[in-house]
Amino acid sequence: SFPTRRSSDLGTNGNLHSSPSGGGRLGWFFPWEAHYDLELGVSGQSGTWDDAGNRHWSAAVLDAALHLSPYFEAKGEYIDTMQETDDVGTIHPRGYWVQAAYKLAGLNMDLPLVNDIELVNRYDTMNDDLGTKTHRYTLGYVYYFSNTLLFEGDYDFVHSDDPSQSHNDFVVQLSYGF
């Protein structure tokens, strides 16, 4: 048997109610040849989000990815959510992003450092349904040391109704996947 837990044992990360969330995704994948494919998906999740299990949250998502060679990829996602609150009623935050990426190896240049770079361009927008709308344009790169070790950088141009948000950011990160 499992030991009995008190809610104080869970700290701030525990689920303090017994109502689970549920969700899933349906996808359609159409490859027409190697490195040329289209994938479309729809997904959703619904459940309670507050500690007492009284407030409902749900989300519906549409996603797509298109590969037109080993070097070019375009993808995006749209999310529409519904969240019950204590103070402002039910809100419907929503947003989307679209992104295109091109690996410079597709230029067939005999330059090892250049061939390991992928250029990325992204646009995303978010409306929190509380009066804040944010639009962000991102220009970036990925340098592939290997297929699991990446050095990434981007510059974000942020336009928002919220004056506390930064308006332009330069971000770099080193990523290792396994």
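I looked up lysine 75 and found it partly exposed, because its relative accessibility is 30% (buried means under 20% relative accessible area, exposed over 50%, and partly exposed in between, with a 1.4 Å probe and protein chains only). Lysine 75 forms a salt bridge with glutamate 73, in which the closest N and O atoms are 3.7 Å apart; the term stands for a side-chain nitrogen of Lys or Arg within 4 Å of a carboxyl oxygen of Asp or Glu.

I note here that the model is predicted, that local features need pLDDT of at least 70 and side-chain atom pairs count only at pLDDT 80 or more, while totals for chains, interfaces and linings use all residues. Residues are numbered from 1 along each chain as its sequence is written, and side-chain values use heavy atoms, with hydrogens and water left out.

**Entry: salt bridges**

How many salt bridges does the structure hold? I find six. One of them joins arginine 25 to glutamate 39, with the closest N and O atoms 3.3 Å apart. Arginine 25 belongs to strand E1 (residues 22-33) and glutamate 39 to strand E2 (residues 36-48), so this pair ties together parts that are 14 residues apart in sequence; for the labels, helices (H or I, at least four residues) and strands (E, at least two) are DSSP runs, numbered from the N terminus. Arginine 25 is partly exposed at 42% relative accessibility, and glutamate 39 also counts as partly exposed, at 27%.

I then turned to aspartate 124 and arginine 136, whose side chains meet in a salt bridge at 3.0 Å, N to O. The pair links distant parts of the chain, with aspartate 124 in strand E7 (residues 117-127) and arginine 136 in strand E8 (residues 133-144), 12 residues apart. Is aspartate 124 buried or exposed? At 11% relative accessibility, aspartate 124 counts as buried, whereas arginine 136 is partly exposed, with a relative accessible area of 29%.

**Entry: threonine 134**

In strand E8 I also looked up threonine 134, which is buried at 10% relative accessibility. Leaving aside neighbours within four places in sequence, threonine 134 is in contact with several residues, among them Asp124, Val158, His159 and Gln165; contact means heavy atoms within 4.5 Å. Threonine 134 and histidine 159 are 25 residues apart in sequence, yet their C-alpha atoms are 5.7 Å apart in space.

**Entry: aromatic side chains**

A search of the whole structure gives eight aromatic pairs, where rings of Phe, Tyr and Trp (its six-membered ring) pair if their centres lie within 6.5 Å, and planes under 30 degrees apart count as stacked, over 60 as edge-to-face and the rest as tilted. Phenylalanine 30 is partly exposed at 40% relative accessibility, and tryptophan 32 is partly exposed with a relative accessible area of 40%. Trp28, Phe30 and Trp32 form one aromatic cluster.

For tyrosine 155 and phenylalanine 157, the ring centres are 4.8 Å apart and the planes stand at 70°, so the pair is edge-to-face. Tyrosine 155 is partly exposed, with a relative accessible area of 32%, and phenylalanine 157 counts as partly exposed at 32% relative accessibility.

The charged end of lysine 103 sits over the ring of tyrosine 144, 5.5 Å from the ring centre; this requires NZ of Lys or CZ of Arg within 6 Å of the ring centre and within 35 degrees of the ring normal.

**Entry: nonpolar patch**

I found a nonpolar patch on the surface that includes Tyr137, Leu149, Tyr155, Phe157 and Tyr176, and its residues together have about 1300 Å² of accessible area. Patches are made of residues with over 30% relative accessible area and no salt bridge, with like charges joined within 9 Å and nonpolar side chains (Val, Leu, Ile, Met, Phe, Trp, Tyr) within 5 Å; the areas come from the Shrake-Rupley method with a 1.4 Å probe, and for residues only the protein chains shown count as cover. E8, strand E9 (149-160) and strand E10 (168-176) each supply at least two residues of the patch. Tyrosine 176, in strand E10, counts as exposed at 57% relative accessibility.

**Entry: positive phi**

Which residue in the loop between E1 and E2 did I look up? Histidine 35 is found there, and it has a positive phi of about 70° although it is not a glycine. Aspartate 129, in the loop between E7 and E8, is likewise not a glycine and has a positive phi of about 65°; aspartate 129 is partly exposed at 32% relative accessibility.
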